[in-house]
Amino acid sequence: MPTTYPVELPDVNYFTRQVLCREGCPVRTDSGGYVQAVAEERYEDAYIIARIPNPFASICGRVCAAPCEAKCRRGALDAPVSIRALKRFVCEKFGVESDAFDLGRVYPQLRDPRRERIGGGRKVAIIGAGPAGMSCAHELALMGFAPTVFEAQNLAGGMLMLGVPEYRLPREIIRAEIAAIEALGVEVRLNTRLGKDFAFSDLKKQGYEAVFLGIGAHKSRELSIEGVQLDGVLRAIEFLLNVNLGFRVTLGRKVVVIGGGNVAFDVARSVVRQAEKFAGMGEAELREALHQAASALEQLTARQPEAPDEVRLALDVAREAIRKGVPEVHMYCLESLDEIPGAHDEIEEAEKEGIRLHTRFGPRRILGSDGKVTGIELVKASRVFDENRRFNPQFIEGSEETVHCDTVVLAIGQSADLSWIRPEDKLKVTPRGTLQTDAATMATSRPDVFAGGDVAFGPRIIITAVAEGKKAAASIAKFLTGSVPAEPRQARVTIYDTLQYGMKPDYEKFIRRPPPTLPLDRRIGIAEVERDYPEPDARRQADRCLKCHVGPVFNGDACILCGGCADVCPEYCLRLVDVASLRGDAKLQAAYLARYGRVPERGEEGAIIKDETRCIRCGLCAIRCPTGAITMERVELIPA
Amino acid sequence: MKITRQITTILLGGVILGATGAGLGRAIAQELDAETKARVERFEKGPATIDVSKYPDAIKEYYELFSHKCSQCHKLSRPINSDYALPDEWSRYIKRMMYKPGSNISAADGKKVYEFLVYDSSIRKKAMVDDKLTKAKPEDKTTNESKIKELHDKYDAK
């Protein structure tokens with residue numbers, strides 16, 4: 001059986017799909033574009049490229065899970081480009097956290113007079129000031145709607161503010177990003193809780209024509225095992241929420257965190273900081289800290305009498321928080337290191353800080369005495385996922401181990417609080433405890449209500465919530481106005497002079513280096529762990545980019561089939577083959593007819609095919625081509 | 001020089017599938033303009049030897065090695081008359097050739113061939129090297145120049 005090759009005839013969409021980092025980003029940030037701008041020292045351009053599709057660029061520069069890096073073509077060669085850290089680098093120079101930030105310079109790039117006329121000032125209510133809600137508001141404001149954001153807490157930002165530890169994300173950056181969105185004409189009403197300060201049905205009466213629900217998932221999921229009710233068992237989200245609101249939490253000397261996701265790592269790393277903070281305090285300082293925690297608690301309880309029991313319990317514990325010495329923090333998770341859903345750099349940092357990670361363990365029961373946690377019984381897992389990659393853990397009977405500890409923090413997932421929904425609201429809830437939401441349009445079971453973020457699909461990464469907020473804004477605009485004009489785009493092709501085209505000398509030898517981090521002995525309290533790249537390092541890291549926007553383009557009319565390009569290609573991505581060995585769709589058949597007037601037989605015609613996954617854009621093929629049939633070209637889609 | 005053009009159509013049309021048959025290929029080759037035809041001739045049928053009489057002894061030795069190793073698979077006219085000239089281009093090119101099955105070019109030999117080709121390009125293709133470097137970014141120009149200078153410092157008579 002002769003070898004056949006599945007092929008695709010490239011068009012503009014094909015070329016844009018080659019920019020894998022952009023394809024991997026839920027909001028289609030042109031990551032390669034800003035990385036290349038960093039390499040060229042065009043830092044403000046880089047910031048604008050990063051900011052246009054993402055109102056939380058500065059935040060994502062610090063805490064994005066970076067799906068772009070997971071897709072980065074360079075990852076297949078050695079390691080992905082440090083895209084997220086380079087975004088932080090440019091945001092530090094021109095983002096909201098910098099003195100140079102000027103909304104007046106960014107705003108003209110965001111504004112499009114054709115879009116601004118869509119909304120006509122119509123009122124839209126957004127519930128929840130998290131990344132999904134604020135992104136939705138940002139888009140609606142740019143389309144000329146009048147969005148009002150209702151936020152239950154006394155601060156905006158949602159889980160960015162309440163769930164992400166400050167040592168990863170300084171609070172002033174969240175505040176600055178929110179302020180920049182407000183400056184576009186978004187009104188944010190704090191301390192306004194749905195179900196308490198207003199009913200869902202009130203919104204219609206107040207003139208809001210559509211609603212976006214982005215209330216997040218602020219409750220920790222429960223674990224149905226013996227002992228979860230013991231004093232000393234904490235839920236991750238409540239724990240983080242309390243720490244981030246400034247309250248102290250009693251932890252004891254040895255803490256076990258159950259779970260393996262990013263939330264679990266955040267908990268484990270926050271625990272270490274709490275311990276360090278208290279360990280260095282004298283008696284007077286401890287008394288002062290307790291006094292402050294108690295005052296804060298009084299304020300919060302006065303403002304939030306309806307706070308869930310878990311929060312109240314954790315805050316009660318915080319009142320009595322006195323700890324001495326640094327506790328041992330152990331993490332137990334079901335997954336192996338390969339399967340663990342937490343980011344690998346988080347694992348590395350957590351381990352550096354002294355957190356001991358134990359994989360392939362599941363909790364069997366929590367042990368206690370006099371109502372307090374004394375330990376936890378764990379059992380070894382033989383597997384977590386079945387052959388269909390479904391979550392289906394199997395345990396090894398007889399492998400039980402008991403670990404003594406003072407506190408168990410359960411970081412096994414989050415869920416949404418939907419207790420405010422009334423039958424007349426006509427909002428359907430899924431068996432998973434999320435709002436029934438159409439992933440394509442963000443529409444709920446009610447035509448005038450849309451949802452996004454954690455409440456719609458369960459816990460997700462920040463940039464996905466941003467994308468869903470933006471998608472919902474487009475759907476809301478369509479719902480209210482009948483149609484939304486597509487943003488016109490045109491392709492721009494830049495053809496490089498072959499003899500001048502070149503990548504950075506030795507670029508394929510540059511290795512990925514992470515940004516510097518704070519020394520271990522200075523990782524106390526809220527001090528931000530990750531630092532910014534120094535400028536030369538940032539540029540060198542940016543030079544690792546393979547520039548997927550650029551690629552060799554082949555002109556069949558000038559090709560003499562010498563095979564020189566395939567001969568010199570250092571990554572073996574080109575091949576000269578028999579046309580009869582190609583497999584393709586109707587476009588390929590049409591190309592045959594256009595070129596040959598028929599479908600060629602085996603041995604009659606030849607073709608050059610290219611494996612995009614390997615190309616490093618070195619341009620050797622173009623230099624080698626004796627007839628100039630190959631040119632290095634950059635294909636971009638730009639606003640028309 | 002960069003040429004920028006705006007296109008508004010969606011299809012670029014068969015640019016990767018640059019397909020021609022052998023017969024059609026010959027027909028096109030005959031229709032090539034004079035400049036392209038000369039370039040094709042130069043690549044495949046141009047001079048296959050170089051006058052290295054004025055090169056340092058070590059570089060002369062490496063030329064012998066280059067002639068022996070590289071002519072196993074292709075005519076020497078190909079690298080000699082190619083438009084590769086900068087250290088980075090030769091480095092990538094030679095690595096590619098080293099990995100060809102049966103090339104029998106060891107890492108040590110590959111380095112010698114690289115040093116010969118970079119040295120030779122800096123003299124015989126000086127205009128091309130200068131042209132490429134003139135239009136390169138300053139730091140890239142410096143990197144390439146330092147690699148070339150390193151070789152001259154190493155081999156030129158003191």
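This briefing walks through selected features of the structure shown above, grouped by topic. The structure is a predicted model, and every value below was computed from it.

**Chain B as a whole**

- Chain B contains 8 helices and 2 strands, and when its elements are followed from the N terminus on, they run in the order β-β-α-α-α-α-α-α-α-α.
- Chain B has 158 residues, of which 48% count as buried.
- The accessible surface of chain B comes to about 8,600 Å², and 58% of that surface belongs to carbon and sulfur atoms.
- If one takes the contacts in chain B between residues at least 6 apart in sequence, 74% of them join residues that are at least 24 apart.

**Helix α9 of chain A**

- Helix α9 of chain A covers residues 103-110, and A:L103, A:V106 and A:L110 are buried within it.
- When the helix is seen down its axis, the buried residues of α9(A) fall within an arc of 70°, so they line one face of the helix.
- The N-terminal end of α9(A) is capped by A:D102, which has a side-chain oxygen 2.8 Å from the backbone nitrogen of A:G104.

**Aromatic pairs**

- Over all chains, the structure holds 17 aromatic pairs.
- In one of these pairs, the rings of A:F150 and A:F198 have their centres 4.9 Å apart and their planes at 45°, so the pair is tilted.
- This pair links distant parts of the chain, since A:F150 lies in strand β3 (residues 146-150) of chain A, while A:F198 lies 48 residues apart from it, in the loop between β4 (187-189) and α14 (202-205) of chain A.
- A:F150 and A:F198 are both buried, and together with A:Y208 they form one aromatic cluster.
- In chain B, the rings of B:Y62 and B:Y155 have their centres 5.8 Å apart and their planes at 90°, so this pair is edge-to-face.
- B:Y62 belongs to helix α3 (residues 57-70) of chain B and B:Y155 to helix α8 (residues 138-155) of chain B, so the pair ties together parts that are 93 residues apart in sequence.

- A disulfide is a covalent bond between the sulfur atoms of two cysteines.
- A search of the whole structure finds 0 disulfides over all chains.
- A:C25 is in no disulfide, and the nearest cysteine sulfur, which belongs to A:C68, is 6.5 Å away; the cut-off for a disulfide is a pair of cysteine sulfur atoms within 2.5 Å.
- A:C25 counts as buried, with a relative accessibility of 7%.
- For A:C333, the closest cysteine sulfur is that of A:C405, and the separation of 16 Å is too far for a bond.
- A:C333 also counts as buried, at 1% relative accessibility.

- A:D506 is found in the loop between β18 (489-496) and α22 (535-542) of chain A, and because its relative accessibility is 15%, A:D506 counts as buried.
- The side chain of A:D506 makes a polar contact of 2.6 Å with the side chain of B:K147, and, leaving aside its neighbours within four places in sequence, A:D506 is in contact with B:D88 and B:K147.
- A:R383 is found in strand β12 (residues 372-385) of chain A, where A:R383 is partly exposed, with a relative accessible area of 28%.
- Residues up to four places away in sequence are not counted when A:R383 is said to touch A:R360, A:N392, A:P393 and A:Q394; the C-alpha atoms of A:R383 and A:P393 are separated by 5.5 Å, although these residues are 10 residues apart along the chain.
- A:R446 has its place in the loop between β16 (414-415) and β17 (449-451) of chain A, and at 18% relative accessibility A:R446 counts as buried.
- A polar atom of the side chain of A:R446 lies 3.2 Å from the backbone oxygen of A:D425, and the residues that A:R446 touches, not counting those up to four places away in sequence, are A:F200, A:E424, A:D425, A:K426 and A:L427.

Notes:
Residues numbered from 1 in each chain as written. Chains lettered and ligands numbered in written order. Predicted model: local features only at pLDDT ≥ 70, side-chain atom pairs only at ≥ 80, totals over all residues. Heavy atoms only, no water. Buried < 20%, exposed > 50% of the residue type's maximum accessible area, 1.4 Å probe, protein only. Helix = DSSP H or I, 4+ residues; strand = E, 2+ residues; numbered from the N terminus. Arc of directions from axis to C-beta. Polar contact = N/O pair within 3.5 Å; in protein donor to acceptor, adjacent residues only side chain to side chain. Contact = heavy atoms within 4.5 Å. Areas by Shrake-Rupley, 256 points an atom, 1.4 Å probe, with all protein chains shown as cover. Phe/Tyr/Trp six-rings, centres within 6.5 Å; stacked < 30°, edge-to-face > 60°.
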